[in-house]
Amino acid sequence: MVAGLPAPRGAEPALREGISVSSSPAGDPQPEGCLRSLASRASQLVTGSAGSVRISLDELPRYSDWPKRLLGLEPFAVKHKTESEVLREYRDEKWGQLLKRVQNMSEPTLSEVERASQDLSAVGPCYDSGCFYLASAQEMLDKHLNLYAEVLAPHIQGASCLVELGAGYGSKIFSLARQRGFSDLLLIAAEYTETGRDLIAIVGRSLNKPIAIGYCDFFRLRLEDVTIPENAVIFTSYAVHYVPQLSEDFVTFLSRLRPRAVVHFEPCYEHYSMASLHGMMCRRYVELNDYTRNLVGVIERNRERERILVRMRENVLGSNPFLPISVIEWAPAGRSEILG
Ligand SMILES: C[S@@+](CC[C@H](N)C(=O)[O-])C[C@H]1O[C@@H](n2cnc3c(N)ncnc32)[C@H](O)[C@@H]1O
């Protein structure tokens, strides 16, 4: 490992999984000048004085094992996203372990839970609007929240509530609720795992922020134990992509709730270009992790049937350079003003 450049152990696993800051591929010794320049980049990062540091696509193998796997130079078995595998990953491991730690906290504020869930000072490679950077998990979390707030802000004027589906422990919805313009909104969070729902309840109590909590499953298209009023602003963040082949009825499932607008902050396989090396590596990343292949297609094919207007911004941001998210906004055709 490069001196002063912490490996992102404990970084949000789903987003930074398998990403590490290492001296070189296969541990080859680095030329001294190169090490010096990396250490100097690292000190800029660690002090936070210079923010994130730009790197090239070609440099990614220094910081991540994924290029080797994606190019078939290191064996890697496909991680099939079966129901039991997702429950193991989230109900038992990520949220299950986090719940145990949070239950032992005297004051489980959102920041404390965030810190218990990942090492926010960990630095790793990431992606922002076509470029690669080394940035801390905290910087990337902030960038995501700024993006979410900027995209959601025009939709929430006059909305009945803010809803997150696949909300994990509530990191995004509670953080948004602290921002100006969002603080008076009624909050609703639905989550697939019981441990995630328990965490949302604990964080909500500690923030003194009322939140209705329910169950949702994007695979079976189910939403239970919660009623979502008409005119809601519904968003998803790094959650829909856990279903390898999304049902063609996904848009209908959400349209039935008569939302004001729906926003997906999700990795989109179809937006990863086959005419670019990075695009091809992202596709391979999605295939090896068995993430969703058809979100864009499902939305496109349902535009007419569900009479929705759609706006898509491709490959905007990624804490994982091989899994950038697109922003897909859609709304009933009658609400054309909110999509500009
Ligand atoms: C990477 S976390 C994202 C959590 C949160 N949305 C965020 O951005 O902080 C993925 C979440 O998707 C949920 N999830 C996985 N499979 C799902 C499914 N079939 N239906 C709904 N949610 C699912 C997991 O339980 C987990 O909470």
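This note walks through the fold one feature at a time.

1. **What kind of model this is.** The structure is a predicted model, in which local features need pLDDT of at least 70, side-chain atom pairs count only at pLDDT 80 or more, and totals for chains, interfaces and linings use all residues. Residues are numbered from 1 along each chain as its sequence is written.

2. **The overall make-up.** The protein chain holds twelve helices and eleven strands; helices (H or I, at least four residues) and strands (E, at least two) are DSSP runs, numbered from the N terminus. Of its 340 residues, 42% are buried. Here, buried means that 20 or more other C-beta atoms lie within 10 Å of a residue's own, exposed means 12 or fewer, and partly exposed is in between, with C-beta atoms placed from the backbone. Among contacts with a separation of 6 or more, 73% come from residues 24 or more positions apart. A contact is a pair of residues whose C-beta atoms, placed from the backbone, lie within 7 Å.

3. Two strands count as paired if DSSP finds at least two bridges between them. As background, strands of a sheet pair through backbone hydrogen bonds, either parallel or antiparallel.

4. **Some pairings to follow by eye.** Strand S4 (residues 162–165) runs parallel to strand S8 (residues 233–237), and four bridges join them; Leu-162 is opposite Val-233 of S8. Strand S2 (residues 123–128) is antiparallel to S10, with two bridges, and Tyr-127 faces Gly-318 in S10. S10 also pairs with S11 in the antiparallel sense, over seven bridges.

5. **The nonpolar core.** Which residues have the most contacts inside the largest nonpolar core? They are Ala-189, Leu-199 and Val-233, in a core of 83 residues. Helix H7 (residues 137–156) gives the most to this core, six residues. Such a core is a set of buried Ala, Val, Leu, Ile, Met, Phe, Trp, Tyr and Cys residues joined through C-beta atoms within 7 Å. Setting aside residues up to four places away in sequence, Leu-199 touches Trp-95, Leu-98, Leu-99, Val-102, Val-113, Tyr-169 and Gly-170.

6. **Helix H9 and Val-203.** Val-203 is in H9. Is Val-203 buried or exposed? Val-203 is buried, because 24 other C-beta atoms lie within 10 Å. Beyond neighbours within four places in sequence, the contacts of Val-203 are Pro-108, Leu-110, Val-113, Tyr-169, Gly-170 and Phe-174.

7. **Helix H11.** The 13 residues of H11 (residues 277–289) should span 18 Å at 1.5 Å a residue, and the end C-alpha atoms are 18 Å apart, which agrees; the expected span is 1.5 Å times one less than the number of residues. Cys-282, Tyr-285, Val-286 and Asn-289 are buried in H11. These buried residues fall within an arc of 95 degrees seen down the axis, so they line one face of the helix. The arc is that of the directions from the helix axis to the C-beta atoms. The buried residues of H11 pack against helix H4 (66–70) and S9. Just after H11, Asp-290 has a positive phi of about 55 degrees.

8. In H12 (residues 295–302), the residues Leu-295, Val-296, Ile-299 and Asn-302 are buried. They cover an arc of only 145 degrees around the axis, which puts them on the same side of H12. They pack against helix H10 (250–255) and strands S9 (261–267), S10 (308–318) and S11 (325–332). Arg-305, in the loop between H12 and S10, is exposed, because it has 11 other C-beta atoms within 10 Å. Arg-305 and Thr-252 are 53 residues apart along the chain, with 8.7 Å between their C-alpha atoms.

Definitions and conventions:
Contact = placed C-beta atoms within 7 Å.
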